[in-house]
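Have a look at the structure first.

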Amino acid sequence: MIAKKPISIENAMSRAAALCAKCEQCSPEIEKKLMAWGVTQNGAQKILSELKRLRFIDDERFVRAYAHDKLHFSGWGKRKIIQGLWAKRLPREVIEVAFDEFDEKEYGLIAFKVLKSKLPSIKEGIGCYEGKMKLLRFGVQRGFEVGLVGNIVKKLAEKMVEDE
């Protein structure tokens, strides 16, 4: 593999700023990209501090946007969102900010919609133990809490009984 020629600090700064202007980025992602571009550790720290000063990078803002998007567009629960943020190497204090703006009622409704959308693919149906367990496992894999998923499965099973 041919090593790329490192880019200048000014060029790296403008490329990183352009990247941050397109979509929300977190500091570990930008640092990783700067290192891949051949910027030294010292140069990367200078660029990161300047991007933070200019508000191109704000990890708390990134965490809030990430959590909002994963909940509303991907149907992820809190646990899976935390795992995704942890994989991006963000500090625990920043990750905890993610759920400050979550409305618990809306969170429960999203969990209900996600689980209800899975119902048609469960061939056993939700009336039997196996069907309930499949739905429960699916909800937990999506990152929703076991208690919340259990309550939703129970409600869906009761509704199915009422509809028959």
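What follows covers helix packing and then the nonpolar cores. Keep in mind that this is a predicted model.

Let's begin with helix α1, residues 9-22. Its packing against helix α3 (residues 41-53) and against helix α2 (residues 27-36) looks like this:

| Pair | Angle | Axes apart |
|---|---|---|
| α1 and α3 | about 40° | 10 Å |
| α1 and α2 | about 145° | 11 Å |

With an angle of about 40°, α1 counts as oblique to α3. The crossing of α1 past α3 is right-handed. On the α1 side, I9, A12, M13, A16 and A17 make the contact, and they meet G43, I47, E50 and L51 of α3. Sorted by class, that contact has seven nonpolar residues, one polar and one charged.

Now for the other partner. α1 and α2 also have a right-handed crossing. Here A12, A16, L19 and C20 of α1 touch I30, K33 and L34 of α2. This contact has six nonpolar residues, one charged and no polar ones.

Which residues touch the most other members of the largest nonpolar core? They are I81, L85 and L135, in a core of 31 residues. Helices α4 (59-72), α5 (78-87), α6 (92-95), α7 (104-118), α8 (129-141) and α9 (146-163) each supply at least two residues of this core. Setting aside neighbours within four places in sequence, I81 is in contact with Y66, A67, K70, L71, W76, F99 and F102.

There's a second, separate core too, with 15 residues, including A12, A17, C20 and I57.

How values were computed
Residues are numbered from 1 along each chain as its sequence is written. This is a predicted model: local features need pLDDT of at least 70, side-chain atom pairs count only at pLDDT 80 or more; totals for chains, interfaces and linings use all residues. Side-chain values use heavy atoms; hydrogens and water are left out. Axes are lines fitted to C-alpha atoms, for helices over the stretch in contact, and angles run from 0 to 180 degrees between N-to-C directions. Helices (H or I, at least four residues) and strands (E, at least two) are DSSP runs, numbered from the N terminus. Angles under 35 degrees count as roughly parallel, over 145 as roughly antiparallel, 65 to 115 as roughly perpendicular and the rest as oblique. A crossing is left-handed if the near helix is turned anticlockwise from the far one by less than a right angle, and right-handed if clockwise. Contact means heavy atoms within 4.5 Å. Ala, Val, Leu, Ile, Met, Phe, Trp, Tyr, Cys and Pro count as nonpolar, Asp, Glu, Lys and Arg as charged, and the others, Gly among them, as polar. A nonpolar core is a set of buried Ala, Val, Leu, Ile, Met, Phe, Trp, Tyr and Cys residues joined through side-chain atoms within 4.5 Å. Buried means under 20% relative accessible area, exposed over 50%, partly exposed in between (1.4 Å probe, protein chains only).
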